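Hi,

Here is the structure I promised to pass on to you. Have it open while you read, and click on each residue as we get to it.

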Amino acid sequence: MQECKKGKVWLIGAGPGDAGLFTIKGKKVLDQAEVVVYDKLVGQGVLGMIPAQAKLIFVGKVSGHHPIPQHEINEILLREAQAGKRVVRLKGGDPFVFGRGGEELELLRQHQIPFEIVPGITSAVSVPAYNGIPVTHRDFVSSLHIITGHTKKKDEAEIDYEALVRLGGTFVFLMGITAMPKICRGLLKAGIEKDMPAAVLERGTSAHQRRVVSDVSHLAEDAEKAGIQTPAIIIVGKVCALEKDFHWAEDRPLGGFKIAVTRPKDRDSSLADKLSMLGAEIMLMPTIETKVIADNKPLEDAIHDIRRFDYLAFTSPVGVEGFFNKLREMKKDIRDLGSIKFAAIGSATREAIEKRGILVDLMPSVYSGKALGSLIAAESEEWGSKIGRKPEVLIPRAKIGTDDVIRPLEEASVKFTDIAVYDTFEASYGETDKAGAISKLIDFAEEDVDYVAFTSASTVRGFVTASGLSDFSSVKAVCIGKKTAEEAEKYGMQISTSKQATIDSMVECFLSLQP
Ligand code: SAH
């Protein structure tokens, strides 16, 4: 109770960027956050996990503005915690590895605000790993040193290069890009071997990570030629030479791909999971939102009279959810559904049904409303002759659903009842809107996305609103089917269409493209 009144602060490491490297504990705490204070280094994938209800406070440097001074950040944390909130302070990498985590705790400690630390994966070891460089290796080094290249006073002598060179081992410099020539000079002056392997690793763990591998005498020059920018780490030591044997991240089937996946907010995306397992970096864009219609007399009537129907056809997991929520609300369960047959448009919908303990009777081989409608039409004719009357179909689905599924039923004169169970909205981006708060974290123009995946025409429209772009000719769209492609064409996007209208076929399509 005490804790609750006072609020609490969790200092959480978000990892180096790849959302998969965020810890399970970090995610659990973030799910419960009421206020999230974050800065620039937190990866977009982790920002996308911030729950819609949380208040967001950005304390990073925005171009053209000064960074928010540390004491102000400390005060923000204190103020929010004193207001009784569950405050998450999200920081890139690990909060205590050059993350000023300690400084942020001091004021909280003074005011006896409870806090917890959730360590994160530091860039100092993970960025080398994603570049095929093990920071230690028994054949080469016996120590690892993590050093800041950005000292408080701009005094070169602050780093004791002689001591470092005497110790040997692997040196990792964070925040060292500006000071790189100085650092290399310092090491050389202290007597490090001139041809000691060294590398600079830019935007590690992201799809567009880059590395320049050289030696300590030439690194600064080579990095400048390559136009290396922050965030980047410098690594010096024999282990850098192992990269040529151990590189792996960009060699994955979709390594180097940054793909924006549009999806209904707060829903899992199996496409995103599959692409990311193949090595792509995913940027989740919540461009459509769904809302189950609560006050739904037509659905209640249909459920009261459920025995009249022979088929229950679902075209989305949200439809399944809406239907079963209502069933439960009406104090009924699957026993009240009798021997009704279940039809699902595709595997995600089938899973949603099966989770409720029901096996699906019908599912078309292609994911499309038309295929589902045709399948039910064909099967119900047979079934009708068995039961000696015309079967009836109940279709609980989206309010703005297309006629694709019902047309084949009409053509075959199959009786059906089409009921809207949820509404679909393009995610809104207003100041006051919670979903908007999340979406505003994504500035599409600033993200160097290679492709955008569209799984329906409405995701195209949602993206058009959400992206804030006015010209779409440089957007490379991968579309799930013809309808979706037609919609993307309207905006002049460059289009690839999957052979079949299935998620797996979308994945195949990506595998045939270049990042
Ligand atoms: N607490 C962070 C470090 C903060 S200091 C951590 O544990 O990783 C910021 C520096 O971290 C940057 O200047 C850069 O040197 C390094 N850095 C952070 N993320 C990085 C990334 N994805 N790729 C390369 N360097 C990164």
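Below is a short tour of what turned up. One thing to keep in mind from the start: this is a predicted model.

Start with helix 4 (residues 70–82) and helix 5 (residues 101–110), whose axes come within 9 Å and cross at roughly 45°. Because of that angle, helix 4 counts as oblique to helix 5. The crossing of helix 4 and helix 5 is right-handed. Who does the touching? On the helix 4 side the contact is made by Gln 70, Ile 73, Asn 74, Glu 75, Leu 77 and Leu 78, and on the helix 5 side by Glu 103, Glu 104, Leu 107 and Leu 108. Sorted by class, that contact has five nonpolar, two polar and three charged residues.

**A charged residue on the inside**

Next, go to Glu 392 in strand 15 (residues 392–398). Is Glu 392 buried or exposed? Its relative accessible area is 8%, and buried means under 20%, so Glu 392 is buried. Its side chain makes a polar contact of 3.2 Å with the side chain of Arg 308. Leaving aside residues up to four places away in sequence, Glu 392 touches Arg 308, Phe 309, Asp 310, Tyr 311, Lys 415 and Thr 417.

**A lysine on the outside**

For contrast, look at Lys 244, which sits in helix 10 (residues 243–246). With 58% relative accessibility, Lys 244 counts as exposed, because the cut-off for that is over 50%. The side chain of Lys 244 reaches the backbone oxygen of Ala 241 at 3.2 Å. Also check Ile 133: it is 111 residues from Lys 244 along the chain, yet their C-alpha atoms are separated by 8.9 Å.

Where is the cis peptide bond? It runs from Thr 230 to Pro 231, with omega near -5°. Pro 231 lies in the loop between helix 9 (219–226) and strand 10 (232–236).

Then there are two residues with positive phi:

- Lys 331 has a phi of about 60° although it is not a glycine. You'll find Lys 331 in the loop between helix 13 (317–329) and strand 14 (341–344), and it is exposed, at 76% relative accessible area.
- Ser 413, also not a glycine, has a phi near 45°. Ser 413 is in the loop between helix 16 (406–411) and strand 16 (415–426), and it is partly exposed, with a relative accessible area of 46%.

How values were computed: Residues are numbered from 1 along each chain as its sequence is written. This is a predicted model: local features need pLDDT of at least 70, side-chain atom pairs count only at pLDDT 80 or more; totals for chains, interfaces and linings use all residues. Side-chain values use heavy atoms; hydrogens and water are left out. Helices (H or I, at least four residues) and strands (E, at least two) are DSSP runs, numbered from the N terminus. Buried means under 20% relative accessible area, exposed over 50%, partly exposed in between (1.4 Å probe, protein chains only). A polar contact is a pair of N or O atoms within 3.5 Å; within protein, one must be able to donate a hydrogen and the other to accept it, and residues adjacent in sequence count only if both atoms are side-chain atoms. Axes are lines fitted to C-alpha atoms, for helices over the stretch in contact, and angles run from 0 to 180 degrees between N-to-C directions. Angles under 35 degrees count as roughly parallel, over 145 as roughly antiparallel, 65 to 115 as roughly perpendicular and the rest as oblique. A crossing is left-handed if the near helix is turned anticlockwise from the far one by less than a right angle, and right-handed if clockwise. Contact means heavy atoms within 4.5 Å. Ala, Val, Leu, Ile, Met, Phe, Trp, Tyr, Cys and Pro count as nonpolar, Asp, Glu, Lys and Arg as charged, and the others, Gly among them, as polar.
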